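Reader: I am new to this structure and would be grateful for a close look at a single part of it. Please describe that part and its surroundings in one connected account.

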Amino acid sequence: MFQGMGFRLERFHGRMAALSGCDLAGVLGPLLPADERRSLQSLDIRRRVFTQAGTFWDFLSQVLSPNQACREVVRRVQAKRQRLRRSRISPRTGAYC
């Protein structure tokens, strides 16, 4: 029954590790109970770059990726903001961490 499951889990982990926080939210978000998704979103009272929901998904992406530092997450957020033509953010990790 479990034969080959380890390989499938490794392959799944590899695919998930390659995704950014936003991409993870799109793939795994629907698996969360609706009230949990609403709870994550309702916590963002102030306008921030690193919202609680976004930080949750970015952190999950960081944990799934081998040897990924906080600065790599910040770099991905910077790149996404640049693609969307939004204002630049500091490369410091304090706001994310």
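Author: Setting aside neighbours within four places in sequence, valine 77 is in contact (heavy atoms within 4.5 Å) with Val49, Phe50, Asp58 and Ile89. The model is predicted: local features need pLDDT of at least 70, side-chain atom pairs count only at pLDDT 80 or more, and totals for chains, interfaces and linings use all residues. Residues are numbered from 1 along each chain as its sequence is written, and side-chain values use heavy atoms, with hydrogens and water left out.

Val77 belongs to the largest nonpolar core, whose six residues also include Phe50, Val73, Val74, Ile89 and Tyr96. Such a core is a set of buried Ala, Val, Leu, Ile, Met, Phe, Trp, Tyr and Cys residues joined through side-chain atoms within 4.5 Å; buried means under 20% relative accessible area, with a 1.4 Å probe and protein chains only. Another core, of five residues, lies apart from it, and Met16, Leu24, Leu28 and Trp57 are among its members.

Asp58, a contact of Val77, is one of the buried residues of α4, as are Trp57 and Gln62. Helix α4 comprises residues 52-64, helices being DSSP runs of H or I with at least four residues, numbered from the N terminus. Gln62, at a relative accessible area of 12%, contacts Val73 and Tyr96, among others. With Tyr96, the side chain of Gln62 makes a side-chain polar contact at 2.7 Å, that is, a pair of N or O atoms within 3.5 Å, one able to donate a hydrogen and the other to accept it.

Conventions. Helices (H or I, at least four residues) and strands (E, at least two) are DSSP runs, numbered from the N terminus. Buried means under 20% relative accessible area, exposed over 50%, partly exposed in between (1.4 Å probe, protein chains only).
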